[in-house]
Amino acid sequence: MKKVFPLILRLIVLCFTYAFYFISEQINLYVSRTYNVSLRLLLIPLIVIIIAVLFALSVFKFRLESKVQKIIFTVAISIFSAAVLFYPISLMWFSSLYYAISVLDIFVCTAYVAELIVRRKPKTE
């Protein structure tokens with residue numbers, strides 16, 4: 001379980017960041033119906049703080065140790081990055097609605113890729 005937990009935590013962070021845009025849109029729709037802005041002012045920063053804490057835990061406390069974990073996470077981050085970039089583009093062709101790419105998604109993708117690059121072990125000859 002200890003070997004799988006860093007991967008699971010990182011996948012949870014990726015799923016939360018990907019769902020953040022859709023969750024915030026649902027909160028905004030609810031606020032537009034009820035005119036209760038305090039709910040939006042409370043929930044959206046709370047979700048961002050939860051994502052930030054989970055992200056910090058995944059980077060500093062639960063590091064990827066084995067090569068298999070790094071390979072699996074590289075594949076997962078590649079799929080996630082492609083989903084983040086291509087989902088709004090695909091919706092523009094089929095729908096009149098505009099879906100934005102969340103800055104939070106771009107930040108998490110970039111930070112995880114930078115972590116993989118920085119923490120790789122140099123090849124010794």
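A nonpolar core is a set of buried Ala, Val, Leu, Ile, Met, Phe, Trp, Tyr and Cys residues joined through side-chain atoms within 4.5 Å, where buried means under 20% relative accessible area, exposed means over 50%, and partly exposed lies in between (1.4 Å probe, protein chains only). The structure is a predicted model, in which local features need pLDDT of at least 70 and side-chain atom pairs count only at pLDDT 80 or more, while totals for chains, interfaces and linings use all residues. Residues are numbered from 1 along each chain as its sequence is written, and side-chain values use heavy atoms, with hydrogens and water left out.

The protein has 4 helices and 0 strands; helices (H or I, at least four residues) and strands (E, at least two) are DSSP runs, numbered from the N terminus. Along the sequence the pattern is α-α-α-α. Of the 125 residues, 29% count as buried. Contact means heavy atoms within 4.5 Å, and among contacts between residues at least 6 apart in sequence, 77% join residues at least 24 apart.

Helix H1 (residues 5-34) and helix H2 (residues 37-61) have axes that come within 10 Å and cross at roughly 175°. Axes are lines fitted to C-alpha atoms, for helices over the stretch in contact, and angles run from 0 to 180 degrees between N-to-C directions. H1 is therefore roughly antiparallel to H2, a label for angles over 145 degrees. Their contact has 20 nonpolar, 4 polar and 2 charged residues. In the loop between H1 and H2 lies Tyr-35, whose phi is near 60°, a positive value in a residue other than glycine. Tyr-35 counts as exposed because its relative accessibility is 71%.

The largest nonpolar core has 17 residues, and those with the most contacts inside it are Val-13, Leu-14, Phe-55, Phe-73, Ile-77, Phe-80 and Tyr-112. H1, H2, helix H3 (67-94) and helix H4 (103-118) each supply at least two residues of this core, and H4 gives the most, with 5 residues. Leaving aside residues up to four places away in sequence, Tyr-112 touches Arg-10, Val-13, Leu-14, Phe-55, Ser-58, Val-59, Phe-73 and Ile-77. A second, separate core of 6 residues includes Ile-27, Ile-44, Ile-51 and Leu-104.

Cys-15 counts as exposed because its relative accessibility is 52%, whereas Cys-109, at 7%, counts as buried. With a disulfide taken as a pair of cysteine sulfur atoms within 2.5 Å, the count comes to 0 disulfides.

Terms used
Parallel < 35°, antiparallel > 145°, perpendicular 65-115°, else oblique. Nonpolar A, V, L, I, M, F, W, Y, C, P; charged D, E, K, R; others polar.
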